[in-house]
Amino acid sequence: MVSGRIPQVTQVVRQTTRDLRRHNRAALLSSLYLRGPVSRLELVAESGLSAATVTNVVSELIADGVVAEAGSVESDGGRPRTLLAVRPEFGHVVGVDVSETHVEVGLFDCALGTLGTVRHPLVGTRLDPDEVAGLVRTGIAEVLEGGEPDAVFGVGIGVPGAVRDGGIVHAPTLGWRGVAFADLIHPHIAAPLHLDNRARTLGQVESWRGAGRGAERAIVALLGVGVGAAVATAGPSHPGITTSEWGHTVVKAGGAACRCGSHGCLEAYVGTEAVVRHYADRVGREPVIGDESDAELARIVEEAREPGPAADVLAETGEYLGIGIANLINLLSPDRVVLSGSAGAIMGPAILPAVRDAVRRHALGYLAERTEVVLGRLGPEAVALGAATLPIAQLLASGGRTG
Ligand SMILES: [Zn+2]
């Protein structure tokens, strides 16, 4: 028999009221952050809450230092409306991108403005988790040097592969199977730690702040050494994000060998090192891979301004990327596809016309005509910025409480 005290009715009511207040705070803060600056009137219209509730919650958020007034806009015939926004200086977050070739650490303010970044190359393909964790800790210490470590309310880390059970990483491309990565960082870092797949966090930041903003269903392509895609679907407050192993879908039967063991994968044609290798094969020299591969890709893009092997390789890259995107369009019918990640930033502008042309030829017309293919707007540090959205998402969900 279950024993125990039956809760008093007043306690239940108090609990429910508190839950409701917390829920309203979280909903309004999310709206403010993701759509801001916004007026109180817009918050009322968007949330469906009463004007009195919105006024009370906003006053609380202002008193707590999370939100501040940010100018005003003219309204039709009435008084100018005051705009509200989350205060960038409310606190800082750290975003860490663990890629196949480097660890990049960024310090950002609460509005995701960049305060500083550092980058450490990784050497080799079977990376020791302790060594990578050491570089992450070093990078975090470096970006915090001379700053205010106490202002940091969270650290987000984006990793290749899947993250399960709060910090266990399965990343076959790094050779990690069930690595308790969070445990290697956590004892050394005071702020709460959040880990997630880096394609997912990139999808989140592109849909919050980048080229995915406002789309009903945006596919954010992470183009780097590894290739992945996140699907961001608009929701009532946050976009819902799912990821896929898009880089390992086959675009050419019997094609180039992929590091996953298969042949003809998209990644084997459009990943940074794949493009660099295809170029090296054509000109008969050793490929420049590892942390230098981004610089080599930039050089190939430059060389491709004139006809020759570099232009041929990029034309092929654009064709296969277009096929990969056409497959996504036929499967998922997005309204926008964003080319992001470091390789997206480096080669995106050069290959975009070829990508769009291939999409037109390979996707079903009625689906392709409602899909725009665009470049990401967040630059090469987009993935570290994406990781920084993890503690921000936690802040929004808690209604602005960092404790
Ligand atoms: Zn593969």
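Biologist: Which residue in S11 is the bridge partner of Ile 157?

Modeller: In this predicted model, Ile 157 has Leu 195 of S11 as its bridge partner.

Biologist: How do you know that S7 and S11 count as paired strands, and which way do they run?

Modeller: Two strands are said to pair once at least two bridges are found between them, and five bridges join strand S7, residues 152-159, to S11.

Biologist: What makes S6 and S11 the edge strands of their sheet?

Modeller: The sheet is an open one of five strands in the order S6-S5-S4-S7-S11, and its pairing is mixed. S6 and strand S11 (193-197) each pair on one side only, and this is what makes them the edges. From one strand to the next, the twist averages 15 degrees.

Biologist: Which helix lies across S4, S7 and S11, and at about what angle does it run to S11?

Modeller: Helix H6, residues 198-208, lies across strand S4 (92-98), S7 and S11, and the angle at which H6 runs to S11 is about 100 degrees.

Biologist: What is the phi of Leu 112, and what is the phi of Ser 333?

Modeller: Most residues other than glycine have a negative phi. Leu 112 is not a glycine, yet has a positive phi of about 70 degrees, and Ser 333, which is not a glycine either, has a positive phi of about 50 degrees.

Biologist: How do you know whether the peptide bond from Gly 36 to Pro 37 is cis or trans?

Modeller: Most peptide bonds are trans. The bond from Gly 36 to Pro 37, however, has an omega near -5 degrees and is cis. Pro 37 is found in the loop between H1 and strand S1 (38-39).

Biologist: Into which domains is the protein divided, and how far apart do the C-alpha centres of domain 1 and domain 2 lie?

Modeller: The division gives domain 1 (9-86), domain 2 (91-202 + 383-397) and domain 3 (214-377). The C-alpha centres of domain 1 and domain 2 lie 31 Å apart, and their contact takes five residues from domain 1 and four residues from domain 2. Helix H1 (residues 9-35) gives the most to the side of domain 1 that touches domain 2, with four residues. By class, this side has four nonpolar, one polar and no charged residues.

Biologist: How many helices and strands does the protein have, and why is it called as compact as a globular protein of its length?

Modeller: There are 13 helices and 16 strands in the protein. The radius of gyration is 23 Å, close to the 22 Å that the globule rule gives for 403 residues, so the protein is as compact as a globular protein of that length.

Notes: Residues are numbered from 1 along each chain as its sequence is written. This is a predicted model: local features need pLDDT of at least 70, side-chain atom pairs count only at pLDDT 80 or more; totals for chains, interfaces and linings use all residues. Domain bounds come from an automatic or database domain assignment. Two residues are in contact if their C-beta atoms, placed from the backbone, lie within 7 Å. Helices (H or I, at least four residues) and strands (E, at least two) are DSSP runs, numbered from the N terminus. Ala, Val, Leu, Ile, Met, Phe, Trp, Tyr, Cys and Pro count as nonpolar, Asp, Glu, Lys and Arg as charged, and the others, Gly among them, as polar. The radius of gyration is taken over C-alpha atoms; the globule rule is 2.2 Å times the number of residues to the power 0.38. Axes are lines fitted to C-alpha atoms, for helices over the stretch in contact, and angles run from 0 to 180 degrees between N-to-C directions.
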